[in-house]
Structures are given as structure tokens and as C-alpha cells.
Amino acid sequence: MTPILFPSLSGDIKDVKSGDIVFVRRKDRWISNAMAWFMSSEWSHTATVYDIGELDIHTVETSDLEMTCGMLGEYLLDSERYTVEVWRIHGADYPEHGLTALRGMLGTLYGYLQLIPFAVRCMLQKWTKFCVRKNIEWASIPAPRNTWVRQGQVCTASAYTYLKASRTPGFMDVDPEAFHTQDLYNDVTTHPGRKLILTSRKV
């Protein structure tokens, strides 16, 4: 990929690799701030790096209620609007399986019904400070994977799908559609194999 200078970043964009996890917070959009508040999160969106192209770094992420291909450069070039961090988890046994799983997610749609229990869980955790994830076995709506009820619950599904399919230690038994952005950020930043690749925040 052609090198591009990002003076607002700590880190080198040339170090970004497939499978890296991207955390995003849009500063000037009320819906992004509302989503972050709702999930008690520093971040309103996540994506997973899929491919390093000639002109940009391609990601798998949610957009317009669909899992689609995005561009990391969109976030990195506009530091006035976006706060970004890119992390890597070392230790995957089969990274190529994770990338295959990511490719299979493209085009899948959100399952609207599953957002209801997800919202209930978020609000319980916010209001009571009770960690639902750790104290209750999280039960997703019992429906086959390939139905509109259970597809791409939130943006974190791409990262958890990659980590699970690549058999990364600590993520082999997760339900990719059961967690939100702060769950993922906590899991990534406390993992023994973690590495911060890029950040637009002052370090």
C-alpha cells in the first residue's frame, strides 16, 4: 500500500494487518454519542481489517443495517470527526479461517428482533451496574444463524467472528453476536496477546 502520512496518529499505518480490530468514535454525530452512552462505551463503532489494498485498508463492518466492506482511511484521514484505535491480538492458530469467516459475513443483514434483548441487557447493566455478561449465561434468540432474526446483531460481530474462527485463545467459545463495543474493547485491551497498533488519542 502507498504510504500516507497521518500526523495525528501514534503508530505506523504500515504496521496494520488483516485481522486487526478497529475502534471508532465519531465526535460530531449525536447518534454515535448516544450509542456510546447506551453501551457505556468509549466507542460507538468497530470494524475488522480484512485486506491491505493498494490504495486503502479494507475492513468488514456494519453500515446501513448490513455487513459490508469499509475503508480504514475514511476514519484516519478525518481526525477532526473521528477518534480511532487499532489493536491486534496475537496467538490465532488459523488466521486464514478467520478471514474466510469475515468474507462470509459480507451482505448479511441485521436481525431486528434480537436487538430487543440486547437493548434490555445494556440498560440493565447501565442502571444496576450488574455485569449481565459475567453473571448470567447470555442466551441469544434461539434461531438458525441464516435467518433475518439472527444476523449481524451489532458491529462487534465481525471482530468476534474473526477471533473465534481463527481460534484465538480466549475467544474460541464466544457467541459473536452477544456483546457490544465496550465488551470487545475490554476483552482486547486486557488480553495477554494484545498490541496497540495505531491510536489518534494522545498517549
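The chain has 7 helices and 6 strands, where helices (H or I, at least four residues) and strands (E, at least two) are DSSP runs numbered from the N terminus. Starting at the N terminus, the order of elements is β-α-β-β-β-α-β-α-α-α-α-α-β.

A word on the source. This is a predicted model, in which local features need pLDDT of at least 70, side-chain atom pairs count only at pLDDT 80 or more, and totals for chains, interfaces and linings use all residues. Residues are numbered from 1 along each chain as its sequence is written, and side-chain values use heavy atoms, with hydrogens and water left out.

Next, the chain as a whole. Of its 203 residues, 47% are buried; buried means under 20% relative accessible area, exposed means over 50%, and partly exposed is in between, with a 1.4 Å probe and protein chains only. The accessible surface comes to about 10,400 Å², and carbon and sulfur atoms hold 57% of that. These areas come from the Shrake-Rupley method with a 1.4 Å probe; for residues, only the protein chains shown count as cover. Among contacts (heavy atoms within 4.5 Å) with a separation of 6 or more, 72% are between residues 24 or more positions apart.

Now the inside. In soluble globular proteins, nonpolar side chains tend to be buried together. A nonpolar core here is a set of buried Ala, Val, Leu, Ile, Met, Phe, Trp, Tyr and Cys residues joined through side-chain atoms within 4.5 Å. The largest such core has 21 residues, and those with the most contacts inside it include Ile-21, Phe-23, Tyr-160 and Leu-184. At least two residues each come from E1, strand E5 (82-89), helix H3 (95-105), H6 and helix H7 (181-189). Which element gives the most to this core? That is H6, with 5 residues. A second, separate core has 16 residues, including Ile-13, Val-24, Val-86 and Ile-197.

Stay with H6, residues 157-165, for a moment. This helix is largely enclosed by the rest of the structure, because 7 of its 9 residues are buried. The buried ones are Ala-157, Ser-158, Ala-159, Tyr-160, Thr-161, Tyr-162 and Leu-163. After H6 comes Arg-167, with a positive phi near 55 degrees.

Last, the aromatic rings. Rings of Phe, Tyr and Trp (its six-membered ring) pair if their centres lie within 6.5 Å; planes under 30 degrees apart count as stacked, over 60 as edge-to-face and the rest as tilted. The whole structure has 6 aromatic pairs. In one of them, Trp-43 and Tyr-185 have ring centres 5.5 Å apart and planes at 50 degrees, so this pair is tilted. Trp-43 sits in the loop between helix H1 (30-38) and strand E2 (45-52), and Tyr-185 sits in helix H7, so the pair ties together parts 142 residues apart in sequence. Are these two residues buried or exposed? Trp-43 is buried at 1% relative accessibility, and Tyr-185 is buried at 8%.

Tyr-160 and Phe-171 make another tilted pair, 6.2 Å centre to centre with 55 degrees between the planes. Tyr-160 is in helix H6 and Phe-171 in the loop between H6 and H7, so this pair ties together parts 11 residues apart in sequence. Both Tyr-160 and Phe-171 are buried. Finally, ring pairs link Phe-23, Trp-43, Trp-87 and Tyr-185 into a cluster.
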